[in-house]
Amino acid sequence: MVLAETSPRGFDWFEGGVVVSCQAPIGSPLRRPDIMAAMAQAAYIAGARGVRVEGPSDITAVRAAVRVPLIGLRKRRREGSEVFITATRADIDDIADRGLEVIAMDGTARDRPRGESLDALIAHAHAHGMLVLADLDDVGAAPHAIDSGADALATTLVPEGPMDLRPHGPNVHAVAAIRERFPSTPLIAEGRISTVSDIHAAFRSGATSVVIGTAITDALAIARGLIGGLEGNRSCEPALEP
């Protein structure tokens with residue numbers, strides 16, 4: 001399943017480029033496999049090095065539409081656990097053998113559903129022939145993910161905070177801190193990246209590549225932000241002349 005012509009680490013597929021996350025939240029009219037596939041095609045035409053996609057139906061549709069490497073994941077909320085990104089062996093089995101090169105999973109030390117451990121999940125994904133990208137919520141989670149066998153790290157789950165590059169922007173300080181500790185590990189910057197300046201800042205901080213999602217593919221969130229901003233500033237608009 002891993003492309004034979006690539007290096008063993010594989011993440012040089014994405015090095016120096018952008019991966020586009022083609023996902024739609026529950027409740028969005030875009031949440032359809034054919035729409036995700038069309039978004040993936042647009043991303044490919046634009047020059048994306050890969051696509052991040054969630055769920056078996058969307059993965060199957062996107063794999064049929066583009067030949068760039070895919071980062072797949074399975075999102076499920078379960079009572080009693082905060083871990084929702086590819087949290088169990090069953091989640092891995094749901095999306096394995098669908099043409100994925102990489103599987104993304106929660107790489108934190110938080111308790112997982114059914115008492116499963118990160119190292120066991122990573123081993124299970126490797127047995128399916130997939131590389132593992134560990135989504136982190138904090139710099140301190142990186143050593144646990146590496147010790148558990150992760151092939152690469154990402155800042156996907158790092159929350160907003162005072163160290164962000166700008167309000168509602170990415171936390172490139174987390175990228176820099178992880179890079180300092182793990183100088184040769186593939187490292188993907190993800191989370192609230194929405195401008196060219198954000199991308200450059202992520203690479204300067206040591207990112208191997210960058211994932212962009214909402215700013216490109218979540219039309220509902222983009223529309224809500226723009227229209228909501230308009231509604232909040234109507235009182236500042238000049239009156240129309242009669």
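These legends accompany close-up views of a predicted model.

View 1. Start here to get your bearings.

**View 2. The largest nonpolar core holds 49 residues.** In soluble globular proteins, nonpolar side chains tend to be buried together. Which residues touch the most other members of this core? They are Met36, Val51, Val62, Ile103, Met105, Leu136 and Leu153. Helix 1 (residues 33–46) gives the most to the core, with five residues. Another core, of 16 residues, lies apart from the largest one, and Phe11, Trp13, Phe84 and Val102 are among its residues.

**View 3. Leu136 and its contacts.** Neighbours within four places in sequence are left aside in this view. Among the residues in contact with Leu136 are Gly107 and Thr108, the alanines Ala141, Ala142 and Ala145, and also Ile178. Leu136 is also in contact with a run of residues that includes Leu153, Ala154, Thr155, Thr156, Leu157 and Val158.

**View 4. Phe11, Trp13 and Phe14 form one aromatic cluster.** A pair of aromatic rings is described by the distance of the centres and the angle of the planes. The model has two aromatic pairs. In one of them, Trp13 and Phe14 sit edge-to-face, with 5.9 Å from centre to centre and 70° between the planes. Are these two residues buried or exposed? Trp13 is buried, with 12% relative accessibility, and Phe14 is buried too, at 0%.

**View 5. Arg76 and Asp94 meet in a salt bridge.** Side chains of opposite charge can pair when their charged atoms come close. In this pair the N to O distance is 2.5 Å. Arg76 sits in the loop between strand 3 (70–73) and helix 3 (89–95), while Asp94 belongs to helix 3, and the two are 18 residues apart. Arg76 is partly exposed, with a relative accessible area of 29%, and Asp94 is partly exposed at 25%. Both residues belong to a network of salt bridges that also links Glu54, Arg74, Arg78 and Asp91. The structure holds 15 salt bridges.

**View 6. Arg110 pairs with Glu82 in a salt bridge.** Their side chains meet at 3.5 Å, N to O. Arg110 lies in the loop between strand 4 (102–106) and helix 4 (118–127), and Glu82 in the loop between strand 3 and helix 3, so this pair ties together parts that are 28 residues apart in sequence. Glu82 is exposed, with a relative accessible area of 56%, whereas Arg110 is partly exposed at 26%.

**View 7. Asp164 forms a salt bridge with Arg192.** The closest N and O atoms are 3.3 Å apart. Because Asp164 lies in the loop between strand 6 (152–154) and helix 6 (172–181), and Arg192 in the loop between strand 7 (187–190) and helix 7 (196–204), the pair ties together parts that are 28 residues apart in sequence. Asp164 is buried, with a relative accessible area of 12%, while Arg192 counts as partly exposed at 24%.

Note on methods:
Residues are numbered from 1 along each chain as its sequence is written. This is a predicted model: local features need pLDDT of at least 70, side-chain atom pairs count only at pLDDT 80 or more; totals for chains, interfaces and linings use all residues. Side-chain values use heavy atoms; hydrogens and water are left out. A salt bridge is a side-chain nitrogen of Lys or Arg within 4 Å of a carboxyl oxygen of Asp or Glu. Helices (H or I, at least four residues) and strands (E, at least two) are DSSP runs, numbered from the N terminus. Buried means under 20% relative accessible area, exposed over 50%, partly exposed in between (1.4 Å probe, protein chains only). A nonpolar core is a set of buried Ala, Val, Leu, Ile, Met, Phe, Trp, Tyr and Cys residues joined through side-chain atoms within 4.5 Å. Contact means heavy atoms within 4.5 Å. Rings of Phe, Tyr and Trp (its six-membered ring) pair if their centres lie within 6.5 Å; planes under 30 degrees apart count as stacked, over 60 as edge-to-face and the rest as tilted.
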